[in-house]
Amino acid sequence: MKIQGFVCNPFQENAYLVYDEANGEALLIDPGFYNEDEFLKADCFVKENGLTVRRVLNTHLHLDHCMGNGWVLRKWNLEAEASENDLFLIQHADHQAQMFSLALEETLPLPKSFLKEGDLILVGNIQLKVIEVPGHSRGGLAFYEERENILFVGDTLFRGSYGRTDLPGGDTEQLFDSIRQKLLVLPDDTLVLCGHGPATTIGDEKLQFGLQS
């Protein structure tokens with residue numbers, strides 16, 4: 001399994017293209033592309049490496065993680081998948097844009113396929129297990145590749161920090177429960193790929209929650 005990151009939009013959001021080098025099958029996590037130029041960087045990488053993107057996943061539906069959903073629908077004919085519990089965020093995307101002083105040039109497409117706890121996402125030889133981690137948003141999801149020991153967490157957990165809870169659907173107690181009960185129980189050497197900023201490990205992040213590594 002190979003991973004190519006793309007830093008997107010004014011919030012420096014991390015989009016991840018995950019692909020199987022052996023057969024060219026790929027999936028995209030959190031397309032935060034703000035404009036066509038940002039999308040084309042990913043599109044060029046896909047073409048240059050002979051990849052076929054099969055699925056597009058959103059860890060949550062805050063605007064900075066899904067504003068590229070329209071590009072992938074138009075250019076790749078793919079619809080993003082997310083938690084149904086975050087659907088209200090997309091339905092009020094204009095309000096989100098106003099909060100962040102962003103100009104939306106188009107209406108964002110609504111996800112039509114929804115993911116839930118325990119779902120297994122299969123693309124080529126990639127197997128991502130869906131973990132529900134509400135708190136940063138109502139429908140927060142993490143995606144775990146157990147064999148590779150890699151975890152995509154969106155904005156639930158960061159290196160030395162954790163997601164904000166002052167946006168619509170946020171809940172601090174719920175976020176901490178999600179982190180402690182769903183994420184920090186994974187192996188210490190699990191590589192954690194965050195929605196913003198650098199990667200970390202589960203072992204390192206146990207320290208900020210007062211847990212022994």
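A cavity is a set of points, on a 1 Å grid over the protein atoms alone, where a 1.4 Å probe fits but cannot get out, and its lining residues have an atom within 4 Å of a point. Grid points are joined across faces, edges and corners, and a volume is the space filled by probe spheres set on the points. A search of the whole structure finds one cavity of 30 Å³ or more.

This is a predicted model, in which local features need pLDDT of at least 70 and side-chain atom pairs count only at pLDDT 80 or more, whereas totals for chains, interfaces and linings use all residues. Residues are numbered from 1 along each chain as its sequence is written, and side-chain values use heavy atoms, with hydrogens and water left out.

**Cavity**

The largest cavity has a volume of about 40 Å³. Its lining consists of Asn69, Leu73, Glu79, Ala80, Pro109, Leu110 and Pro111. These divide into five nonpolar, one polar and one charged residue, where Ala, Val, Leu, Ile, Met, Phe, Trp, Tyr, Cys and Pro count as nonpolar, Asp, Glu, Lys and Arg as charged, and the others, Gly among them, as polar.

**Nonpolar cores**

A nonpolar core is a set of buried Ala, Val, Leu, Ile, Met, Phe, Trp, Tyr and Cys residues joined through side-chain atoms within 4.5 Å; buried means under 20% relative accessible area (1.4 Å probe, protein chains only). The largest has 20 residues, and those with the most contacts inside it are Leu17, Leu28, Phe33, Val53 and Trp76. Two or more residues each come from strands S1 (2–8), S2 (13–19), S3 (25–29) and S4 (52–57) and from helices H1 (36–48) and H3 (69–76). H1 gives the most, with four residues. Helices (H or I, at least four residues) and strands (E, at least two) are DSSP runs, numbered from the N terminus.

Contact means heavy atoms within 4.5 Å. Leaving aside neighbours within four places in sequence, Val53 is in contact with Leu17, Ala26, Leu27, Leu28, Val46, Trp76 and Leu78. A second, separate core of 17 residues includes Tyr144, Leu183, Cys194 and Phe209.

In H3, Asn69, Gly70, Trp71, Val72 and Trp76 are buried. Their cover includes S3, H1, S4, helix H2 (63–66) and strand S5 (80–82). Just after H3, Asn77 takes a positive phi of about 55°.

**Strand S10 and its sheet**

Six strands form an open sheet of mixed pairing, in the order S7-S8-S9-S10-S13-S14; two strands pair if DSSP finds at least two bridges between them. The edge strands, S7 (120–123) and S14 (200–201), each pair on one side only.

Five of the five residues of S10 (residues 150–154) are buried, so this strand is largely enclosed by the rest of the structure. Ile150, Phe152 and Gly154 point one way from S10, and Leu151 and Val153 the other way. S10 pairs with S9 (residues 141–145) in the antiparallel sense over three bridges, while four bridges join S10 to S13 (residues 191–194), which run parallel. Selected bridge partners are listed below.

| S10 residue | Bridge partner |
|---|---|
| Leu151 | Tyr144 |
| Phe152 | Phe143 |

The hairpin of S9 and S10 has four residues between the strands, and Asn149 there takes a positive phi near 60°.

Thr156 lies in the loop between S10 and strand S11 (157–158). Thr156 is buried, with a relative accessible area of 3%. Apart from neighbours within four places in sequence, Thr156 is in contact with Val133, Tyr162, Gly163, Leu175, Ile179 and Leu183.

Technical notes. 1 Å grid on protein atoms, 1.4 Å probe; cavity = no way out; pocket = protein on both sides within 12 Å on 5 of 7 lines; lining within 4 Å. Buried < 20%, exposed > 50% of the residue type's maximum accessible area, 1.4 Å probe, protein only.
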